[in-house]
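The reader may wish to keep the structure in view while following the text.

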Amino acid sequence: MKKLSRIYMWVIFALLYSPIIVLIVFSFNRAGSLNHFSTFSLYWYAELFRDSSALSALKNSLILAVSSSALATVIGTFAALGLDRMRSKYIKGIINSVTNIPMMNPDIVTGVSMMLLFVAAMSVTRVQFGFVTMLLAHTTFNLPYVILSVLPKFKQMDKHLTEAALDLGCTPLQMFFKIELPFISSGIASGFMIGFTLSLDDFVISHFVSSPDFQTLPLYVYNQTAHQVKFSMYALCALMVFVILGLLLAVNFLGSRGKEKKVRMRDIV
Amino acid sequence: MKKTVSLLLIAALMLCACLGFTSCGDEAEGSGGTETLYVYNWGEYISDGSEDSLDVNAAFEDYCREVLGKNVKVNYSTYASNEDMYAKLSSGAVSYDVIIPSDYMIGLMADQNMLMEIDFENDVPNYEYIDDRFKGLYYDPDEKYSVPYTYGTVGIIYNTEIVPEDDEHIGSWSLMWDEDYSGNILQFNNSRDGFGTAQYYLGYSVNSDDPAEWQEALELLKEQKNVVQGYVMDEIFNKMKGGSAAVAAYYAGDFFTMYSDNDRLAFYHPDEGTNVFVDAMCIPTCCRNYELATEYINFMLSEEIAVANAEYICYASPNMLVVENEEYIECMEEIHPDAITILYDFDMDSMEFYHALPDETRNLMNSLWEELKIESAIGTDIYIICVAIIAVLLALLLRRIIIKRRRQYYFDKFMRESEAVK
């Protein structure tokens, strides 16, 4: 039985990771083909760094992902704070489900409605399609995820701590920064991470609100399917996998070291 | 306190938004002498500097700087289909200066006044190099809106390792219905091209508005479904290169890309006739810089640039300067010995353009296509499976509810009894 479950685990891993491994292996293929492997070479990586439009798309994607998830994290944290403080359970429930609707909504609905909204706004304000519309759209769809990851942290928090802090002379603002913020920080961090990855790989919404000034990577790759996707894209995807892997390892490594420290501190106390 | 904070927050948000909008607006209106030209083209449809080719957009910027004395930035973006491009433009969300749609889309857009008239004599002098066969075609009979960029044909690609050269079906669409290659045939995964293969085979017009003809084409496609491996688009490249499929209909220009990876592949134009298409440069009415746009179109027609594009894309060029260019012919023959024959030597009269279909016919085509795709062996099974899953979920839910009720009942009973004891 144990053997069986181990085999099962490996099968799942194979299913999850074989496409990525194929991609990485063939990104080193000089022949630029998925069918035969000629020689190991970094040719497509060099080609990638000569491709200015791919690099600018990558840059745009990263800028957008960082800024939209940061913005969503700030707004979302305050929204979660407000939701937590609400007294009426009834209103709280309503607002909670209202914020969750954009998350349940199919992307295409969000995308089209955003586009219509911005087109309407164009006639009234000086809004232009481009970075601003992309930022607004991405922040909007990131928001519920941030709220979803921060709100439970507030719920888990021991209310007596905040009461004690206020009792001992903290102003509400001090209390927020000294007691609540450190406690919910892990929720904020995971909200930010979710927002970042969602924004990085969003295609459908970006498709509707993008402009020629601001093309992101998913749009760039999709449009290549009109003919054939360049092999330098394999190199790019492989690089992204490496970076994400590195980030994950770093986070885990740093996280575990932090925990060790805490344990030691507790032992000393 | 709370109210002031939230008011402040709202004010900050509004301010951010306003700042964002205005700064963006300023940027779009041109910053200090640099003009921006917005070009919207198919993906992978221009020589872009990769693999030692010429970077056409950079060359245009250089040309403007050195010859015209202007600082120009080409903002180049891409789309994956005519319909994507059309949707983007007609939403009014963005504006472009040069677009490169296909024939039927040009006709459609011209009818809807979405294209600007171009003064060829004064603004695009290089238009004279365009082959006369490609002037005044059906989508632009008065030569007002479009400058042909590339053209191409649909033909059948087959693997000579699997399909012997003396197969009697070679030269005809019937190869795609041949049961000998069952499970090795690839069909287009888009309704127009998919129906096209059947209509050409039947000898019908692809622009027919007779529902009976479409119905007949559908029957033929249904028959083909048993021998088809799959309905695919760009996966065709890898399948044909790797030999996991033997017969596929695709564009002549893309055949060379596949051939360079697998020299067992061969190509022919079916005798019954096939599709020919032209992609042409146009200026949409939302264009903000007509002068620069025509300059760009003219530049694209100049010899060096047109040759670079033709060599990169591998589609046929309607530009006489390219067709007669020695270096180009040599380059294409290096890719495939018969490249020039395949690309240029065919009978235009046996070919048929796609026209924009009337709404009624288009809806019919789409619903028939759905019918083809849905009607399959797993078609009905999938509904049964879905219903079964939903039924199981409902049963589980019901069971939980019943158990909960029962528990509640015993709990209440216990409470009542213990109270009675008290």
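In this predicted model, chain A and chain B bury about 3400 Å² between them, and 54% of that area lies on carbon and sulfur atoms. On the side of chain A, the residues that lose the most area to chain B are Arg126(A), Pro212(A) and His227(A), which together account for 23% of what that side buries. In terms of contacts, 40 residues of chain A touch 44 residues of chain B.

Polar and charged pairs also cross the interface. Nine residue pairs, with both members at pLDDT 80 or more, are in polar contact between chain A and chain B. Several elements of chain A give two or more residues to the side that touches chain B, including helix 3 (52-85), helix 6 (131-156) and helix 10 (217-224). By class, this side of chain A has 20 nonpolar, 15 polar and five charged residues. Two salt bridges are counted between the chains.

Chain A itself contains 11 helices and zero strands. Its radius of gyration is 23 Å, whereas a compact globule of 269 residues would have a value near 18 Å. Along the principal axes, its C-alpha atoms fill a box of roughly 70 × 60 × 40 Å. Of the 269 residues in chain A, 37% are buried.

Over all chains, the structure holds 16 salt bridges. The table lists four of them.

| Salt bridge | N to O distance |
|---|---|
| Asp51(A) and Lys230(A) | 2.9 Å |
| Glu44(B) and Lys230(A) | 3.6 Å |
| Glu291(B) and Lys70(B) | 3.6 Å |
| Arg362(B) and Asp359(B) | 3.4 Å |

Asp51(A) is buried, at 6% relative accessibility, and Lys230(A) is buried at 8%.

The pair Arg362(B) and Asp359(B) is set within one element: the two residues are three apart in helix 15 (residues 359-374) of chain B, and therefore about one helical turn separates them. Arg362(B) is partly exposed at 37% relative accessibility, while Asp359(B) is exposed at 51%. Elsewhere, salt bridges that share partners join Asp51(A), Lys230(A), Glu44(B) and Asp48(B) into one network.

Definitions and conventions: Residues numbered from 1 in each chain as written. Chains lettered and ligands numbered in written order. Predicted model: local features only at pLDDT ≥ 70, side-chain atom pairs only at ≥ 80, totals over all residues. Heavy atoms only, no water. Contact = heavy atoms within 4.5 Å. Buried area = accessible area lost by both parts, 1.4 Å probe. Salt bridge = Lys/Arg side-chain N within 4 Å of Asp/Glu carboxyl O. Polar contact = N/O pair within 3.5 Å; in protein donor to acceptor, adjacent residues only side chain to side chain. Helix = DSSP H or I, 4+ residues; strand = E, 2+ residues; numbered from the N terminus. Nonpolar A, V, L, I, M, F, W, Y, C, P; charged D, E, K, R; others polar. Rg over C-alpha atoms; globule rule 2.2 N^0.38 Å. Buried < 20%, exposed > 50% of the residue type's maximum accessible area, 1.4 Å probe, protein only.
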